[in-house]
Amino acid sequence: MNLDDIRIGIDRIDGQLLDLLSERAELVHQVGEVKKRDGLQIYAPEREEALLRKLVERNQGRLPEKSIRAIYREIMSAALALEDDLKIAYLGPEGTWTHQAAIKKFGHSVEYTAQPNFAEVFDQVTRRKADYGVVPIENSTEGAVSHTLDLFVDSSLQICAQILLRIENGLMACIPRDEIKTLYSHPQVFGQCRTWILQNFPKADLVEVSSTTRAAQIAREKASEGAAAMGGALAAEMNGLTMLEESIQDRATNTTRFLVIGEKTCPATGNDRTSMLFAIHDRPGSLVRALQAFEHFDINMSKIESRPSKRKDWEYVFYVDLAGHCENDDVQEALGELEKHCSMVKLLGSYPDVSE
Ligand SMILES: O=C(O)C(=O)C[C@]1(C(=O)O)C=C[C@@H](O)C=C1
């Protein structure tokens, strides 16, 4: 077979694919009409996850799971845009890791709105200026993003999905490496690259800024003063910086978990995770007894963080993630028992426990 013959085959299939995608778009349009009529959420993470799991299982061909997910991400992104003008708020400016996480979840067809800080992301969704928000919650090297945890205490928003994104930080500048005097980045990135900084730039000044994109902008503006930035390839590209060294994070598998927040949580998919906050009574053994509620019902607790309550000194709020959906009987019963030992329990939502 020669190249032209093979390409004729590809052209034929692409034509068929487009016809099928148009047919799909017609059905999606009908779904959108039904959802608007019945007041349902346009974004349906449980349906997306079920569809993706079915497709990955069915797949017999050469395409790896990652490619199937990426292709369908964009097909469903086009669907979301057809159903409504979906707007997603994220921590900007453009090119931040949160922006990339948002695109990984919602694709390129929906509208994005960059916000100056996490509180604004929450606020935009609360005031319905955006349909959903994307915020980081924890990093596998550096731990919790405490500011996000704190914002959940007073917010009525619910978590409806999670996004896992591999974070590859690099050193970027528009000056040679030996002229670098100051490193700019987000505090989380400094934490993720601590060993590399000590080994490579032990004498450099470290300046924390609001995002890696902002750091890249400063590396350009203050190049003559010896500025460089640490962050992702997109931030370097958008600011015309050279990547002087790639993959400088201390752990190769460095991954950040992001949450999608909206007005409603997500229905059960059979493989879910639930997030909640609670505060305990100030009595001996309260925390142990509260946590035993999960053990009694054989529920796996995958995360616990404590944060100051900000209402009274030395009083804490615990942020917990567990396996299961808040509508499952065992989770409901565990919550009932938990409440007996707590002064406050607040469910933040249940969502598909994706590992991609
Ligand atoms: O089935 C739905 O609820 C749809 O809106 C369709 C669709 C899709 O393209 O398959 C699009 C967006 C939703 O988040 C889930 C699925």
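The model is predicted, so local features need pLDDT of at least 70, side-chain atom pairs count only at pLDDT 80 or more, and totals for chains, interfaces and linings use all residues. Residues are numbered from 1 along each chain as its sequence is written.

The domain assignment gives four parts of the protein chain. Domain 1 covers 21-84, domain 2 covers 86-167 + 254-264, domain 3 covers 170-252 and domain 4 covers 266-352. These bounds come from an automatic or database domain assignment. UniProt, in an unreviewed entry, places "domain: Chorismate mutase" at residues 1-87. The chain over residues 1-87 is 79% helix and 1% strand. The end C-alpha atoms of this span are 47 Å apart. Helices (H or I, at least four residues) and strands (E, at least two) are DSSP runs, numbered from the N terminus. UniProt also lists "domain: ACT", again from an unreviewed entry, at residues 275-352. That span is 29% helix and 42% strand, and its end C-alpha atoms lie 12 Å apart. UniProt positions follow the numbering used here, feature names are shortened, and annotations may be inferred rather than shown by experiment.

The centres of domain 2 and domain 4, taken over C-alpha atoms, are separated by 22 Å. Their contact takes eleven residues from domain 2 and twelve residues from domain 4. Two residues are in contact if their C-beta atoms, placed from the backbone, lie within 7 Å. On the domain 2 side, helix 6 (146-153) and strand 5 (158-166) are the elements that give two or more residues. This side has seven nonpolar, three polar and one charged residues.

The largest nonpolar core has 58 residues. A nonpolar core is a set of buried Ala, Val, Leu, Ile, Met, Phe, Trp, Tyr and Cys residues joined through C-beta atoms within 7 Å. A residue is buried if 20 or more other C-beta atoms lie within 10 Å of its own, exposed if 12 or fewer, and partly exposed in between, with C-beta atoms placed from the backbone. Ile 88, Val 260 and Ile 261 have the most contacts inside the largest core. Not counting residues up to four places away in sequence, Ile 88 touches Ala 102, Phe 106, Val 110, Tyr 112, Ala 130, Asp 131, Tyr 132 and Val 134. Another core lies apart from the largest one and has 21 residues, among them Ile 180, Cys 193, Ala 229 and Ala 236. In soluble globular proteins, nonpolar side chains tend to be buried together.

Helix 9 (residues 212-221) is mostly covered, with eight of its ten residues buried. The buried residues include Thr 212, Arg 214 and Ile 218. Among the elements that cover them are helix 4 (97-106), strand 6 (170-173) and helix 10 (233-238). Ala 334 is found in helix 12 (residues 329-340). Ala 334 counts as buried because it has 23 C-beta neighbours inside 10 Å. Leaving aside neighbours within four places in sequence, Ala 334 is in contact with Ala 293, Phe 294, His 296, Phe 297 and Ile 299.

Several loops hold backbone details. The peptide bond from Gly 92 to Pro 93 is cis, with omega near -5 degrees. Pro 93 lies in the loop between strand 1 (87-91) and helix 4. Arg 128 is not a glycine, yet has a positive phi of about 60 degrees. Arg 128 sits in the loop between helix 5 (118-126) and strand 3 (132-139). With 9 C-beta neighbours inside 10 Å, Arg 128 counts as exposed. Ser 247, also not a glycine, has a positive phi of about 50 degrees. The loop that holds Ser 247 runs between strand 10 (242-245) and strand 11 (255-262). Ser 247 is exposed, with 12 other C-beta atoms within 10 Å.

Methods:
Ala, Val, Leu, Ile, Met, Phe, Trp, Tyr, Cys and Pro count as nonpolar, Asp, Glu, Lys and Arg as charged, and the others, Gly among them, as polar.
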